[in-house]
Amino acid sequence: MKTSSPSNSNDEKFMRRALELAVKGLGRTSPNPLVGCVIVKDQLIVGEGYHHRAGTPHAEVHALASAGDQARGATAYVTLEPCSHFGRTPPCADALICAGIQRVVVAMQDPNPLVAGRGLDRLGAAGIKVDVGLLLQEASVLNEVFLKVITSGLPFVVYKTAMTLDGKIATETGDSRWVSQEKSRRYVHQLRDRYDVIMVGSETVIRDNPALTCRLPGGKDPIRLIVDGQLRIPEIAQVLSASEHSPCVIATTQAAPPDKVQHLNNLKQVEVWQYDTPRHVPVEKLLRDLVQRGWTSVLLEGGGGLAGTLLKEQCIDKVEFFIAPKLVGGNGPSPLSGLHIRQMTDALQIHDLNIDLNLGDLHVTGYMTKSADGRQKPEVRN
């Protein structure tokens, strides 16, 4: 990887603007990364762009179109290495060269084997000055989903749950409406809009009959994924018909009744993925299959048993816990009923912790500490 020459405050300012632009593509670019680009000439921004959606022009193309003739002799600030290969769109490195860009500042090299420094080399061979590594950490966090998929073949998984201060997701009678504040619930719909897949266990569907859609104006319904090893969910469950725009996938096993599998497969927007296992869905295989479909991010909502399984399998990257200032006592369910650790020394560790009170609940986010095999999260988050 090329190293960056010393940057100045203006370089940082323009790269931060490129990062702000990249964020506008959240939830829309999968399986592609989030990318922003700013074209600057004589210390003035003359063009801006970001990647809107997979299969459409990349950030650099939008920015160059915005800059027009002013791109000649200008500097381009890009949050990720410009691509050098033909995919669904032409190489962005070539577009920058043809436009007469004089200097390119890149936040991070693209780990995609199809790129992996080739875009930078192509720019350098064309006589363009290239600097790499400005705001690398910020750019890595922005594309944590893309980095996880490229380096592991697994999607980025976030476990979201709401609980009372005494650690219950419902009362002992099963009542859970509502644990969290209204602001927190609105934020959860923002998460649903951003993530490709929303994942729950069959118990959540049977108990709560959720729709699992995004209720934001203009929001995107995620793919709804139900993990149901014995295909127990009712055939009239709301989740099966809640969205006209995204499929509902049911992951099951050989324990599923054949006639029910056939019936559900015949429903509009419903897919049954049946695995060759006797009772339990192989969760890592399921997650890899999601990536094969181009779905790279998963929001796990509900299901303490399923969450415990995914944690034991080291498949969860990040947690978002909403802790309400409420106490219910009793024997209500836990958000991690499927996780059983006997010794405190074996407790799972969380790092990069962030605590926020702006939503009315205690909103705690953090990343699962990386395991020995390196699968929990990308190396860039050291």
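Residues are numbered from 1 along each chain as its sequence is written. Because the model is predicted, local features need pLDDT of at least 70 and side-chain atom pairs count only at pLDDT 80 or more, whereas totals for chains, interfaces and linings use all residues, and side-chain values rest on heavy atoms, with hydrogens and water left out.

Helices (H or I, at least four residues) and strands (E, at least two) are DSSP runs, numbered from the N terminus, and two strands are taken to pair if DSSP finds at least two bridges between them. An open sheet of 5 strands is arranged in the order β2-β1-β3-β4-β5, and its pairing is mixed. The edges are formed by β2 (44-50) and β5 (129-132), each of which has a single partner strand, so one side of each is left without a neighbour in the sheet. From one strand to the next the twist averages 15°, where axes are lines fitted to C-alpha atoms, for helices over the stretch in contact, and angles run from 0 to 180 degrees between N-to-C directions.

Of the 6 residues of β1, 5 are buried, so that the strand is mostly covered; here buried means under 20% relative accessible area, exposed over 50%, and partly exposed in between (1.4 Å probe, protein chains only).

Helix α4 (residues 118-125) lies across β4 and β5 and runs at about 150° to β5.

A further open sheet is formed by 9 strands in the order β10-β9-β8-β7-β11-β6-β12-β14-β13, again with mixed pairing. Its edges are β10 (270-274) and β13 (350-356), and since each has a single partner strand, one side of each is left without a neighbour in the sheet. The twist in this sheet averages 20° from one strand to the next. Strands β7 (residues 197-201) and β8 (residues 223-227) pair in the parallel sense over 5 bridges, and Ile-198 stands opposite Arg-224 in β8. Helix α11 (residues 304-312) lies across β6 (156-164), β7, β8, β11 (297-301) and β14 (362-368), and runs at about 110° to β7.

A nonpolar core is a set of buried Ala, Val, Leu, Ile, Met, Phe, Trp, Tyr and Cys residues joined through side-chain atoms within 4.5 Å. The largest such core contains 43 residues, of which Met-15, Ile-39, Ala-76, Ile-101 and Val-104 touch the most other members; its largest share, 6 residues, comes from α1. When residues up to four places away in sequence are not counted, the contacts of Ile-39 include Leu-44, Val-46, Leu-64, Ala-76 and Ile-101. A second, separate core of 34 residues includes Ile-223, Tyr-275, Leu-310 and Leu-339. In the loop between α5 (136-142) and α6 (144-152) lies Asn-143, which is buried with a relative accessible area of 3%.

A salt bridge is a side-chain nitrogen of Lys or Arg within 4 Å of a carboxyl oxygen of Asp or Glu, and the whole structure contains 19 of them. Asp-94 is partly exposed at 26% relative accessibility, as is Arg-122 at 32%. Asp-131 forms a salt bridge with Arg-103, with the closest N and O atoms 2.9 Å apart; Asp-131 lies in strand β5 and Arg-103 in strand β4, and both residues are buried. A network of salt bridges links Asp-11, Arg-103, Lys-129 and Asp-131.

Note on methods:
Contact = heavy atoms within 4.5 Å.
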